[in-house]
Structure formats: structure tokens, C-alpha cells
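Please look over the sequence and the structure shown here before reading on. The notes below are meant to be read beside them.

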Amino acid sequence: MTTFDVWAPEKSPKLRLGDSEHAMEPGDGGWWHLDVPDAGPGTDYAFVLKDVENPVPDPRSAWQPQGVHGPSRVYDHSAFSWTDQSWSGRQVPGSVLYEMHIGTFTPQGTFDSAIERLDHLVELGVDLVELLPVNAFNGVYNWGYDGVCWFAPHEAYGGPDGLKRFVDAAHHKGLGVVLDVVYNHFGPSGAYAPMFAPYLSTGSNTWGSSLNLDGPDSGEVRRYIADSVLMWLRDYHVDGLRLDAVHALHDEGAVHLLEQLAVEVESLSTALRRPLSLIAESDLNDPKLITPREAGGYGLHAQWDDDVHHALHTLLTGERQGYYEDFGSLDVLRTVLEGAFFHAGTWSSFRGRRHGRPVDRQRVPGHRFVAFLQNHDQIGNRAVGDRLTATLSPGLLRVGATLLLTSPFTPMLFMGEEWAASSPWQFFTSHPEPDLAAAVQNGRRREFSRHGWAEADVPDPQDPATFERSKLDWSELGKPGHSEMLALYRKLIRLRHEVPDLTDPWLSDVEVWHGDQFVVIRRGRHAVAANLAGTPQTVSLRAVPSAVLLATAEGVVLERDRVVLPPESAVVVRTSR
């Protein structure tokens with residue numbers, strides 16, 4: 001027996017099973033239902049809507065084996081044999097995250113092939129694997145942000161069972177899993193949900209039409225999103241969700257959708273007796289997102305912090321264009337290391353206005369901010385998808401890694417960063433519709449031509465070679481230059497886990513000072529000193545060092561309350577106070 005349900009007010013949908021159509025029974029609130037005794041798991045089905053030429057898939061489909069335009073398939077979540085019953089979860093505080101795109105992490109680009117590389121992540125020392133969106137999207141490969149089926153894992157990756165096998169295996173390795181999810185827009189192809197009901201508002205954002213979160217019938221739209229959130233956490237056993245671009249969630253209701261999600265996830269976490277985390281990506285620089293509900297905030301657990309990335313990136317590379325304009329100095333780095341945001345009610349030249357709100361250093365812990373040197377956006381949205389490896393010297397790469405992994409924030413790595421991967425990570429799509437493919441191709445070229453790039457130099461997103469170039473080259477791990485970088489990342493993560501001062505989240509206890517191309521960060525009885533210059537520098541630690549715990553280059557010398565640093569190097573020392 002399977003009960004088919006669909007929200008379709010004023011649509012009178014019919015259920016298509018094979019070649020036959022079945023009338024559905026109306027229920028409350030625009031819902032329609034039909035019990036079919038002989039339609040068990042594995043049954044293909046679709047819905048027929050008046051004035052829509054072809055049958056369309058279920059907006060809540062759990063399985064799309066023939067892609068986003070094909071029929072839905074009945075899936076039984078209870079049939080999977082989980083083996084992670086002893087898993088007690090993994091929280092964000094104290095963790096190191098690792099961002100991964102399933103399609104380019106391995107040559108095969110599947111959940112099962114990614115399982116084979118989990119030992120690498122265990123040896124690296126990370127705690128949480130953050131997957132770029134894996135719900136079904138149009139085409140075979142894509143970043144994932146064009147998703148349209150918010151309940152169904154992408155079939156080319158391995159479908160529902162493949163994702164469950166990955167999470168189960170990760171838990172056995174001691175790794176938590178965070179899933180990136182997109183609820184601010186539907187992708188441009190295969191978005192059938194708005195044909196059924198008023199899922200969309202009259203407004204729009206950067207990526208398309210906005211979701212109807214506060215207009216008529218918005219209650220069911222919010223329920224649609226909340227049920228998707230709870231499904232990933234409950235039925236797929238994931239440990240957290242990264243909510244994409246929450247600043248694009250337009251909601252003027254008394255209880256913002258984000259607060260609603262925080263409340264419902266807290267209830268589920270209590271029932272499951274394991275921590276569940278919600279991490280926001282936001283352009284607002286507003287600590288209200290991560291302020292507890294008891295203090296008037298939304299109660300999310302963490303948010304991405306682009307200001308930390310911008311401060312590090314500009315300082316290391318010298319780039320100042322676009323939104324980097326206000327960054328690039330050691331003063332800026334000190335501001336973000338001590339206070340999380342640079343734009344905290346201050347003037348933003350890029351925006352032409354004041355931006356952000358200050359963080360209360362006494363009350364808001366640093367682990368609520370996810371910081372990174374690189375991520376999918378900051379690499380893939382460059383014209384040629386070049387990593388820092390293509391720009392920086394090995395010395396400065398090591399300095400950047402040290403500053404990130406000894407910061408008071410929750411650090412996140414982008415796949416391959418740990419061995420200075422040489423492969424780019426470019427913008428790629430596989431839209432089968434010629435008009436949509438051409439629009440993406442031309443739009444990408446126009447975007448970067450305005451910034452001085454020749455159109456011929458911008459990779460074609462639709463060219464399969466663009467996707468292939470973006471896959472990691474695992475043969476690099478043992479090669480000179482790569483193996484040494486991997487060893488450093490392992491040492492840094494191990495040191496972070498072993499030294500409580502380096503995970504201490506209280507920003508009020510972070511002290512930063514700097515001089516001509518050097519910076520020192522005091523973390524309790526430990527200090528991190530970095531020399532960005534191409535010549536040796538003697539740097540005051542304002543305390544007597546007793547031991548060198550890690551150095552990125554040979555030749556570090558301790559002198560009373562100072563340290564002599566080789567060119568482009570960093571050191572972590574224990575001090576007398």
C-alpha cells in the first residue's frame with residue numbers, strides 16, 4: 001500500500017501509474033490523496049495537471065532515477081540497513097570542516113567512490129565533511145546550486161541509497177556529514193513544483209524567482225522547506241546543513257523561516273539524542289543569525305564568514321578588485337581575528353553604504369563563524385577557477401594555512417587544498433536544453449569580459465573538458481611539493497586538536513599586533529607569528545617563548561622574548577604566560 005499525496009490547490013491532479021490515470025481525492029488545504037494497494041517501493045509514478053501537456057514528477061519525490069524531467073519512483077526509507085547505531089554525532093564547536101563536491105572529488109564522481117577516500121580525511125584529521133548540494137538537478141554534472149528536487153539525491157551520484165552508504169561509512173570512520181542545501185530559489189530547468197501551487201513570490205533574487213515565504217498560502221511552502229530539512233537530518237542521518245545564501249530568503253513574517261527551522265531542528269536533535277547543526281551562508285554580516293533565540297536571535301549554530309577569507313586572501317595575494325577593495329592590510333586582519341567581521345557597521349566601498357553589525361566579543365564565541373582560505377565560490381567564481389596554488393609561493397601557502405588553522409573560528413578546507421592541488425575548480429554545467437546551455441555560456445563570457453578577460457580565456461561551462469579539468473588528481477599526494485603541504489596540514493590540524501588555546505573560541509581573549517609585513521596572534525599561553533616578507537624578520541612575542549610547536553620553514557630562532565622568522569614563514573610557540 002502506498003498513499004500518494006500532493007499539494008495542488010485548485011488543480012484537481014490525477015495520478016499517472018504506467019499508462020493509466022487515477023483521479024485523486026481532495027483533502028484539507030489544497031491537498032490531494034490516493035491510496036494504491038499494489039503500488040509498493042520501486043513503482044514509477046507522475047502527476048497529470050490540467051493545461052500541462054506531459055505528466056510531471058512529484059514536488060516531494062524521494063527518487064528521480066530518470067532525471068528531474070522523468071517520473072518519480074516510490075522509495076522506502078525504512079528499507080536501508082543502517083549500521084551507525086553507535087554514532088553519537090559531531091558538533092561544530094571544536095571541529096574542522098572539509099568542503100567536498102562529489103562529482104569532482106574522485107574520477108568516478110560518485111558517493112561510493114568518495115567512500116574509498118574517507119581514510120584520507122581521517123588521516124588528515126578533519127571532523128565534518130561538507131558536501132556541496134547533492135539533490136537532483138538538470139543534467140549529469142553541475143555544482144549543485146541548480147537543484148529542483150529538494151527531497152531526492154542526484155541519481156548520477158548514486159541516488160538515495162548511495163548517499164546513505166556514504167553517510168553510514170563516514171560515521172564508521174568518525175566523520176560527521178554536513179549537507180549544503182539551497183532553499184532560496186529553484187534551478188532553471190526541471191522546477192515543476194510551481195506548476196502545482198504558489199511556491200514562488202512576485203519578487204526575485206540573483207538566481208531567480210524568490211520563494212513565497214510570507215504571502216498567501218506561504219504556510220505550505222514553509223512546510224515544504226522545513227520537511228526537506230528534517231528529512232535530510234532524520235532519514236539520511238546527516239549531522240548538519242549548510243543553508244545557502246539565506247540573505248535571499250525574503251520573509252517579513254513575525255517568525256522568520258530561519259528561526260522556525262532552528263526550533264524544529266532542535267526538537268529533532270532532542271528526539272534523536274545527537275547534535276544537529278544549521279550553518280548559514282549570509283552576506284549580511286549580522287550576528288543575529290547565530291544569536292540564541294533566548295537573546296532575540298534566530299538560533300542558528302554557525303555562519304560562513306567571508307570577511308576572514310577576504311582579509312587573508314588580499315593580504316597574501318595583493319588582489320584588491322571588486323569586493324576586496326576595503327581589505328588587504330594587516331590592520332584589517334587584526335580586526336577580523338579579534339572581532340570576526342571587518343564590515344561591522346562600517347563603510348563598504350564595494351556596496352557604497354555602511355554594512356554589517358558588530359559582534360559582541362564577550363558573548364559570541366568564535367566557533368560560530370566558519371572561516372576559510374578557499375571554498376567553491378572563491379575558487380569557482382574566478383574566471384578560470386584558479387586555486388591559490390596558482391598564485392602564491394609555497395611559503396605563503398603555508399603561512400595562510402597556519403593563520404587559518406590557529407584562528408579562533410571554525411576552519412574549513414576546500415577539497416585538495418591540503419596538498420596544494422594543481423587542478424582548477426571551474427564553473428561547469430551540463431544543461432541538455434540548447435537555449436539554456438547557450439544562455440549560461442554567453443552569460444559567463446560577458447560577465448568576465450567586463451573585467452578585462454578575453455572571452456576565449458573563460459572556460460565554457462558546457463564543455464565536458466571543463467568538468468574533467470576540475471577533478472582532483474590524487475596522484476599528486478606523493479609528489480614533491482604536495483606531500484610536504486599535506487604533512488603540514490596534518491600537523492596543524494593535530495596541533496589544533498591537542499592545544500586547547502588554539503580552539504578557545506572567546507574573541508575577547510585574542511590579541512593581535514603587527515608591524516612591517518609580520519603579524520603575531522596571542523592565544524592564551526601560545527603565540528602564532530607570521531612573516532609575509534621575502535626576507536628574515538625578528539618579531540617580538542611580548543612573552544618568553546619556551547618551545548616551538550610548529551614551524552613552516554627551517555631556521556626559526558628563539559631570542560629572549562623574540563623569534564627570528566625565515567622569509568614567508570610562520571611559527572606556533574608556547575610562551576611563559
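What follows is a short briefing on sheets, helix packing and some single residues.

This is a predicted model, in which local features need pLDDT of at least 70 and side-chain atom pairs count only at pLDDT 80 or more, while totals for chains, interfaces and linings use all residues. Residues are numbered from 1 along each chain as its sequence is written, and side-chain values use heavy atoms, with hydrogens and water left out. Helices (H or I, at least four residues) and strands (E, at least two) are DSSP runs, numbered from the N terminus. Two strands are said to pair if DSSP finds at least two bridges between them.

**The five-stranded sheet**

- Strands of a sheet pair through backbone hydrogen bonds, either parallel or antiparallel.
- An open sheet of 5 strands has the order β22-β23-β24-β29-β26, with antiparallel pairing.
- Its edge strands are β22 (510-515) and β26 (545-551), each of which pairs on one side only.
- Neighbouring strands of this sheet are turned by 20° against each other on average, direction ignored.
- Within the sheet, β24 (residues 526-531) and β29 (residues 569-575) run antiparallel and are joined by 6 bridges.
- Ala527 has Val573 in β29 as its bridge partner.

**Helices against this sheet**

- For the angles given here, axes are lines fitted to C-alpha atoms, for helices over the stretch in contact, and angles run from 0 to 180 degrees between N-to-C directions.
- Helix α9 (residues 330-339) lies across β22 and β23 (518-523) and runs at about 175° to β22.
- Helix α11 (residues 394-405) lies across β23, β24 and β29 and runs at about 155° to β24.

**The helix pair α8 and α9**

- Two packed helices are described by the angle between their axes and the distance between the axes.
- The axes of α8 (residues 306-317) and α9 come within 9 Å and cross at roughly 155°.
- That angle makes α8 roughly antiparallel to α9 (angles under 35 degrees count as roughly parallel, over 145 as roughly antiparallel, 65 to 115 as roughly perpendicular and the rest as oblique).
- Asp307, Val308, Ala311, Leu312 and Leu315 in α8 meet Leu330, Val332, Leu333 and Val336 in α9; contact means heavy atoms within 4.5 Å.

- Over 6 bridges, β1 pairs with β5 (residues 31-36) in the antiparallel sense, and Thr3 has Asp35 in β5 as its bridge partner.
- Strand β2 (residues 14-17) pairs with β3 (residues 20-23) in the antiparallel sense over 4 bridges.
- In the hairpin of β2 and β3, 2 residues lie between the strands, and Gly18 takes a positive phi near 65°.
- Strand β2 is also joined to β6 (residues 44-48) by 3 bridges, and these two strands run antiparallel.
- Leu15 has His22 in β3 as its bridge partner, and Arg16 has Ala46 in β6.
- Leu15 and Leu17 form the covered face of β2, and Lys14 and Arg16 the uncovered one.

**Single residues**

- Accessibility is given in classes: buried means under 20% relative accessible area, exposed over 50%, and partly exposed in between (1.4 Å probe, protein chains only).
- Arg242 lies in strand β15 (residues 240-243) and is buried, with a relative accessible area of 0%.
- The side chain of Arg242 makes polar contacts with the side chains of Asp180 (3.1 Å) and Asp244 (2.9 Å); a polar contact is a pair of N or O atoms within 3.5 Å, and within protein one must be able to donate a hydrogen and the other to accept it, while residues adjacent in sequence count only if both atoms are side-chain atoms.
- Asp286, in the loop between β16 (277-280) and β17 (302-304), is buried, with a relative accessible area of 16%.
- A polar atom of the Asp286 side chain lies 3.0 Å from the backbone nitrogen of Lys288.
- Asn285 lies in the loop between β16 and β17, has a positive phi near 50° although it is not glycine, and counts as buried at 6% relative accessibility.
- Arg560, in the loop between β27 (557-559) and β28 (562-565), has a positive phi near 50° and counts as exposed at 62% relative accessibility.
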